[in-house]
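Subject: Handover of a structure for your review

Dear colleague,

Please find below the structure that I am passing on to you. My notes on it follow directly after.

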Amino acid sequence: MHRALGWLAAVGLAGGLVMAFGVAPREITQGNVQRIMYLHVPTVLVAYLAFAVVLVASIAYLWHRSPAADRLAHASAEVGVLFTGLTIVAGAIWGKPTWGTWWTWDARLTSVAILFVMYLGYLLLRGMIEDRERAARYSAVLGIVAALDIPLVHFSVYWWRTLHQPPSLLKPGPATMSPEILAALLVNIVAFALLYVYFVVKRATILRREEDLPA
Amino acid sequence: MTADHWGFVLSAYGIAAIVLGAYWRHLCRRDRELTERRSHAAPKAAHPRTNPVSPVQP
Amino acid sequence: MTADVDLSGSLDCLLSARGLRKAYGRHLVLDGIDLDVRRGEGVAVLGANGAGKTTLLRVVATLVHPTGGRVFVGGADATRDPESARRQLGFLGHGSWLYEDLTALENLRFWATLGGHTAEASVLRGALGAVDLDRWSEERVRTFSAGMRRRLALARLVLARPRVLLLDEPFTGLDQQGAKWLEEHLEGFKSEGGALVMSTHSFGRGFGVADRAVILVDGRLAADVAVAPLGVEGVRRLYDLAVEDGA
Amino acid sequence: MTYARRAWIVLWKDAVTERRAKATLNALLFFSLLLLFVFQFTLGGDRERLVAALPGLLWLSFVLTGLVGLGRAFLVERENDCWDGLLMTAGDKSAIYLGKVAGNVILMLLVEIILLVLFAVFFNVDIGQALPPLALILPLGTVGFAAVGTLFAAMTAHVRAREILFPVLLLPVQIPVLLGAVKATEAALAGEGLGGVTHWLQLLGAADVVYVVAGLLTFDALLEG
């Protein structure tokens, strides 16, 4: 099952690259640097998906105490942190030519950075507790509080950066979204989502096999 | 004509590829390690042992 | 492995464990324990240090989640609904659960209120009188001796009027007078129909409270015998035998 | 009714223990004085710069003293080995959480008021007209801070490296509350009143509700030790 999922993700990513560099036109206002958006936007969307899965799995664990939910939360948090890191890197590289500095306290980048630190703390907490059952329980609570915090982080960072009314939450890149650009974006979003599922399934299986290891 | 900054575009995709590839390799290596350790343990468990070690099934 | 539970025959059975298992990581501490304690009965849990005596008591007391198996307290399934079990349970562990900066009376007032029981001063003073600590009711627990702390902890338990009492080596560290006093109180508790489980690794003072003795070796019950027919010496010999071939 | 009494008795116990041992309060007061000197020495004597940065400095010192105070939230339970006792009492455990949060809020508000007075005196800033709005902002910010702080204090009570883990987990989550509080305090100290910062106050209010409810629902899972 892993193999099929893995190949599907690989095909998706290849398709995404073709769309991003081949099909999508050269953006008039920003030039080709805009193509980084086909990487930056999918990774941030998949990161949010990952943390939503962590929330649901954490609630499920506290409800049924099923180890499968705990493993899903753990795997999804780890992949989520990975994607958040990629989002920050892509955002910074995109920022350098566009704004002249690697890091700007741009509202979107800042809130993604806060998520990165929060869920890094989640993985740190898991690492600090030896007893597996207790680690699962505590991580579930943290997974819920962190997820509930995301909308608050979003609003507060946006108001903090933009003085008055909060702009639309995820206004990616170019003002006009020509069909080709939209298509390229969609293909990449699907591709990265497939990659996320593949990684989570693979990581969760490793967690299960680590648990079943005889003494 | 705005400059194209291809260098930045390629480096962004390059770093993403490297990071995702490294994570994928890490997962595969961990998978292989686990299958090897299971194959070590398997022969030992074949013949009867003194104190039964029942695998923990939560 | 868990036998289906027939509660019909054991209605006077206040406490029963079925196929109780507990593992920390891969270390299996309890490996399938079945134990029934009837109304008015005292059971001593014997076993070498590390055999799992404390873990068994803590799992039965709903302080620790069992990895497998079930615990029934007064007919209520403690693993699925710990609250109803806790209402009937009293636990006296190594820790005395007392706040050093509060006085004896204040400690009782705190635990009684938190447990949802009545906390009028008269009731609290009565409980202190029962463990003859009333002269020290306004003293801070910080100044108390180990024996006085054990008695105050028991006063706290008595207030909650539990039907099942779980005691982790209650007689260790008690002086002669304290041990005699505790023995009388536990006998009184049993005569009023309470069920009592007490872990111990010595056969000295207080062993008389046990009507039955179970011996825990490597997470399993190696023996479950009535004390009277064998006598204390008989149980001690059985214990030495069980611990040897288990190691 | 017993829920309120049970929450109250937890608060009463912490208050009596604190009044007698005076451990946390003294530590926090001394810590606040220390902060004052540190700010003075590090940020230099230029009064204008300090006054301009006052809202940030105030809330930075509230957060730092809060971290010290909240980190000790379950210390009395741990030292007196009463953790199992709390778990063994029948009934809804969230009452214990509520009592602890209330105790922490009162303790932190006490220290915050003292800090406010110290800042006003040492940097001779007239905060007279800012007091009414601050009387709303301080509790709003402190409840949000104490609600998550108490939860994470329970979470890290038994973990080895809790001195590091507690701030590392708490601070990122508290950024929205911090932003809202500083922005609202800025408006209050500038004498503009709270008209322009109502959206920040709403955010603080929402954060308080979200955190307290999340704490009430998940505290049981943490208490199981």
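How many residues of helix α3 (residues 104-114) of chain C are buried? Please bear in mind throughout that this is a predicted model. The helix is mostly covered, since the count of buried residues in α3(C) is eleven of eleven.

**Helix α3 of chain C and its surroundings**

The buried residues of α3(C) include the charged residues E106(C) and R109(C). Also on the list are N107(C), T113(C), L108(C), F110(C) and W111(C), among others. Within chain C, the packing partners of these buried residues are α4 (121-130) and α5 (146-160). They also pack against two helices of another chain, α1 and α6 of chain D. Just past the end of α3(C), G116(C) adopts a positive phi of about 80°.

**The contact between chains C and D**

The two helices of chain D named above return when the interface is considered as a whole. In total, 22 residues of chain D contact 22 residues of chain C. On the chain D side, α1 (2-21) and α6 (83-88) each contribute at least two residues. The largest share is that of α1(D), with ten residues. Sorted by class, this side of chain D holds nine nonpolar, six polar and seven charged residues.

**The contact between chains A and D**

Five pairs of chains touch, and the pair with the most contacts is A and D. Here 26 residues of chain D are in contact with 25 residues of chain A. Three helices of chain D, namely α8 (131-156), α9 (162-189) and α10 (198-223), each supply at least two residues of the side that touches chain A. The most comes from α10(D), which gives ten residues. This side of chain D consists of 21 nonpolar, three polar and two charged residues. Chains B and D, by contrast, are joined by no contact, and their closest C-alpha atoms are 18 Å apart.

**Chain C as a whole**

Chain C contains seven helices and ten strands. Its C-alpha atoms occupy a box of roughly 50 × 40 × 35 Å along the principal axes. Why can the chain be described as a compact globule in terms of its radius of gyration? For 247 residues, a compact globule would have a radius near 18 Å, and chain C has 18 Å, which agrees. Of the 247 residues in the chain, 48% are buried. Among its contacts between residues at least 6 apart in sequence, 65% link residues at least 24 apart.

One open sheet of chain C has four strands in the order β2-β1-β4-β5, with antiparallel pairing. At its edges stand β2 (27-38) and β5 (76-77) of chain C, each with a single partner strand, so one side of each has no neighbour in the sheet. Strand β4 (residues 68-73) of chain C pairs with β5(C) in the antiparallel sense over two bridges. The bridge partner of V73(C) in β5(C) is A76(C).

**The nonpolar core**

The largest nonpolar core comprises 223 residues. The residues with the most contacts inside this core are I36(A), V60(C), L108(C), L152(C), L166(C) and V197(C). The largest share of the core, 15 residues, is supplied by α2(A). L108(C) in this group is also one of the buried residues of α3(C). Leaving aside residues up to four places away in sequence, V197(C) touches L15(C), V37(C), V43(C), V45(C), L57(C), V60(C) and L166(C).

**Chain A: confidence and one proline**

Chain A has a mean pLDDT of 87, and 93% of its residues reach 70 or more. Among the elements of this chain, helix α2 (residues 37-64) has the highest mean pLDDT (94) and helix α1 (residues 2-23) the lowest (86). Over residues 164-172 of chain A, pLDDT stays under 50, and the model has eight contacts beyond four places in sequence for this stretch. Where pLDDT is low, the predicted coordinates should not be read in detail.

P151(A) lies in helix α5 (residues 132-161) of chain A. Is P151(A) buried or partly exposed? P151(A) is partly exposed, because 15 other C-beta atoms lie within 10 Å, whereas a buried residue would need 20 or more. The C-alpha atoms of P151(A) and S111(A) are 9.7 Å apart, although 40 residues separate the two along the chain.

With kind regards

Terms used:
Residues are numbered from 1 along each chain as its sequence is written. Chains are lettered from A and ligands numbered from 1 in the order in which they are written. This is a predicted model: local features need pLDDT of at least 70, side-chain atom pairs count only at pLDDT 80 or more; totals for chains, interfaces and linings use all residues. Two residues are in contact if their C-beta atoms, placed from the backbone, lie within 7 Å. The radius of gyration is taken over C-alpha atoms; the globule rule is 2.2 Å times the number of residues to the power 0.38. A residue is buried if 20 or more other C-beta atoms lie within 10 Å of its own, exposed if 12 or fewer, and partly exposed in between; C-beta atoms are placed from the backbone. pLDDT is the predictor's confidence in each residue, from 0 to 100. A nonpolar core is a set of buried Ala, Val, Leu, Ile, Met, Phe, Trp, Tyr and Cys residues joined through C-beta atoms within 7 Å. Two strands pair if DSSP finds at least two bridges between them.
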